[in-house]
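Dear colleague,

I am handing over the structure below, and my notes on it follow directly after. Please read them with the model open beside you.

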Amino acid sequence: MKRIYMDHSATTPVAPEVLAAMLPYFSEKFGNASSLHQSGREARLALEESREEVAGLLGAKPEEIIFTSGGTESDNLALKGIARKNRKRGRHIITTQIEHPAILETCRSLEKEGFIVTYLPVTREGLVDPSALEGAIRPETILISVMHANNEVGTIQPLEEIGRLAAEKEIYFHTDAVQSVGKIPVNVNDLKLDLLSLSAHKLYGPKGAGALYIRKGTKIESIIQGGGHERRLRSGTENISGIVGLAKAAELAGERMAAEGERLTGLRDRLAEQVLGRVKEAWINGSMKRRLPGNLNFGFKYVEGESLLLFLDTKGICVSTGSACSSHKLEPSHVLLSLGLKPEECHGSLRITLGASNTPDEVEYVAESIAEAVERFRGISALGR
Ligand SMILES: *Cc1c(COP(=O)(O)O)cnc(C)c1O
């Protein structure tokens, strides 16, 4: 059976051009970027060219990019690195309730170190209210971390306004932009960011590669000690093949973003219309206006998202409920709860995230299949109609 992959927020396949760019760095170009000989210089050159490419996508300077093992490590370095280095200035951090666990769990760990964290709620639309954020700022606030686009509901936060507030009050401003980089324009200067996390495998690059943008002059300390790689901020022999893959993915994303964004928005809106047209008592979680091109998060009354997911899987369709990271838990999604959904409404959710491989025919087939699945499970549910 042909597989229809509509779970691009969980991960994406490596683009053929990305794989081709990476392969030589597993074989003939295997050098260590710290070695002084020819082989090392070749690796160093690839590393520095990659840094320029990634910086270019963000409007940053190459020396402001630190390569990491992915989004989770970038988030840890940003939060722990800033908090620990600036604790004399204050111990208060502001973030939101809808962050990825890479942020939320890092904050919990910082609370154990004596930091105080405010977790801002979001509106029913899944958006942070900048005036509520302004109200949460204290004299001892040292860091604001608000994700750019949410991984479950795809909502895009008003970072420009938040960036202005943070800059006014001279508070470091970080964003987890793992879901937005490569999909919508992200410019660190327009958004007044001091730090930004990204990950290769969410933009058709390899797993295990990512980066943290750190504005020049930012006071931060490392969380991994060793040989002093990456401006002493991230020790460990650089993952050159992964970094080259990330850079190629960034280059392709920059070239394709506008056209692909428009195409995916069209497919997304068509899928929403088809499903909501066929299924009663269904809705979409999160703002449709401030939303990633490929994201839909449906809510269905009287069914379990898990049942729908498994039924769709038998038809070759890959989607998710909540986020991949929490799919093995049965607790309702912390994101949907923060939007104000009741726990039973959270359980009937289905996340569909479109990407490069998806076609209009697939959208039709998936819409039909979802309608069939909901009808079947409502039929056998005690609460069903
Ligand atoms: C996937 C994801 C991460 C984690 O990135 P990894 O590279 O998988 O560690 C962090 N934040 C968000 C919003 C994500 O979607």
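The secondary structure of the chain amounts to eleven helices and twelve strands, where helices (H or I, at least four residues) and strands (E, at least two) are DSSP runs numbered from the N terminus. This is a predicted model, in which local features need pLDDT of at least 70 and side-chain atom pairs count only at pLDDT 80 or more, while totals for chains, interfaces and linings use all residues. Residues are numbered from 1 along each chain as its sequence is written, and side-chain values use heavy atoms, with hydrogens and water left out.

As to overall form, the C-alpha trace spans about 70 × 55 × 35 Å along its principal axes. The chain has a radius of gyration of 21 Å, which agrees with the value near 21 Å for a compact globule of 385 residues (taken over C-alpha atoms, the globule rule being 2.2 Å times the number of residues to the power 0.38).

Helix H7 (residues 240-278) bends by about 60° at Met 257, the bend being the angle between axes fitted to the seven residues ending there and the seven starting there.

An oxygen atom of the ligand lies 2.6 Å from a side-chain N or O atom of Thr 72, and a nitrogen atom of the ligand lies 2.6 Å from one of Asp 176.

Terms used. Polar contact = N/O pair within 3.5 Å; in protein donor to acceptor, adjacent residues only side chain to side chain.
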